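Morning, everyone. I'll take a few minutes on charged side-chain pairs. Please have a look at the screen.

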Amino acid sequence: MVLSDLGSKISQAIQKMGASDIINDKVVDKMMNTVSLALLQGDVDVKLVKKLKEDVKTTCKVDSMASGVNKRKVIQNALLKGLCGLLDPGKHPFKPKKKRQNVFMFVGLQGSGKTTSCTKLAYYYRKRGWKTALVCADTFRAGAYDQLKQNATKAKVPYFGSYTERDPVVVAEKGVERFKKEKYEIIIVDTSGRHKQEDALFEEMQMVHKAITPDEVIFVMDSSMGQAAKLQATAFQGAVDVGSIIITKLDGHAKGGGALSAVAATGSPITFIGTGEHIDQFERFETKAFVDQLLGMGNLQGLKEIIEDKSVMESQEKLVQKITSKGGEFTFRDMYDQFQTLMNLGSFGKVMSMIPGFQNLMGEGREEQSQMRIKRFMTVMDSMTNVELDSDLKIFNMQPERLYRISIGSGVDQRVVWEVLETFKQFKRVADQLKVMGRSGLDFSRMHSVEKERNIQNLAGAMSPQILQRMGGMQNFANLIKQMDSMGGMSMHPSGGGGQKKSRPKKGRRRP
């Protein structure tokens, strides 16, 4: 994400302040100058930047602070609060209610990603157990109904539209009425957009709004507009009561910070952000979590949502039950499943940025290299026999000639096969530690404080020293575990939901 450049500059300014031998007003002023410059380069409005700088300097009169006060912490908290204030208008968005019909009306300029965002929102709620449907009331743009139909089919969401009816009000009314009768909980209506603000567009919006009386009007804004987003949002807000805003294309524009702050200044809350073209590249916007992740402090709540959405915890529960049972051992087939789960999570860079201290771990080009490496390892394991997959290292220690056959079968150098074995050793160390911890697995909420501390230390000892160092050492690792535990995110006992069926190495071979 291009916004990561902005986050890195602000993080570096905070780190320089923290590394200063003496913290005084001059240090704060220097830090805020650097932060202000980064925000201006990110296309944030100069008035908002000036207010942020003044607020932080007013709050942090360091020279007059009492001795014993953690000045660095006070300054950092003041800056974080100010950055959150830039993005949060203090207004709560509409929350749909289960077992009732909630109607969303989408508005925006043509080309802003409105139709795609409609499908993404429908898919977001469908994945969470809501009964969702789409209505195409965009009768102006050629191919609008075809696009929505194609997207809806891919998302497995019912849809309504017409090739013959040219009145958007009639289409919207019929679609909403039909899905209300069928007891759909989330009904999303896509409306026509234009290339520029036109009176006809606003009149049409008002007519559709009056006809369907939506519970929420969502304005979709392209992040590449930067500060101009404020004028657009204000104009639409004057025509219909805009309840919330979705920012799209936030993955590819340096002006994203300007769009976020400018739209928030209109008083309408940002509810979701689009971070890519794929249907699942759509995230709920939480101001504090967004700022924390931007500054490399992680986003554990977002990470928890990804893990739960991909049914990771269910597969991990099965693994823990297996290796903690009598005679249960971690095998190459288990490692294959772990790789498959990791690949299903999506972007490595996105997942890493949600873990405190891991934001910069995936440098340019490294994410693709890591994914290719895992795929290569899985190819190697595809060439293993069932006996080899269901065993550990012993079989290869006793019969090393198997490694040559695997390298030939997978088309890789024998060195790559050895890398797979070394990686297996690291996985097995952690698995063996989980076996010692017992059936509670990573559910630290079931442990008393002494047991929890001991197991955290043992788990850290089983990890690679390099990985532990990247996480900021033992103390940071312990804090991360405790934070996840407080959110209920480390439990190996999910409340429900079916997991995805994962592919495993084929069991066609019977060679011993």
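How many salt bridges does a search of the whole structure find? The search gives 17. By salt bridge I mean a side-chain nitrogen of Lys or Arg within 4 Å of a carboxyl oxygen of Asp or Glu.

Some ground rules. This is a predicted model: local features need pLDDT of at least 70, side-chain atom pairs count only at pLDDT 80 or more, and totals for chains, interfaces and linings use all residues. Residues are numbered from 1 along each chain as its sequence is written, and side-chain values use heavy atoms, with hydrogens and water left out.

Start with K57 and D29. Their side chains form a salt bridge, 2.8 Å from N to O. K57 sits in helix α3 (residues 46-59) and D29 in helix α2 (residues 25-41), so the pair ties together parts 28 residues apart in sequence. Helices here are DSSP runs of H or I, at least four residues, numbered from the N terminus. K57 is partly exposed at 33% relative accessibility. D29 is partly exposed too, at 26%. The cut-offs: buried is under 20% relative accessible area, exposed is over 50%, partly exposed is in between, with a 1.4 Å probe and protein chains only.

Next, D390 and R333. Their closest N and O atoms are 2.7 Å apart. D390 is in the loop between α17 (386-389) and α18 (394-398), R333 in helix α14 (residues 332-344), and 57 residues separate them. D390 is partly exposed, at 42%. R333 is buried, at 3%.

Then R402 and E388, a salt bridge at 2.8 Å. Both residues are buried.

Last, a network: salt bridges link E329, K428 and D432.

Terms used: Helix = DSSP H or I, 4+ residues; strand = E, 2+ residues; numbered from the N terminus.
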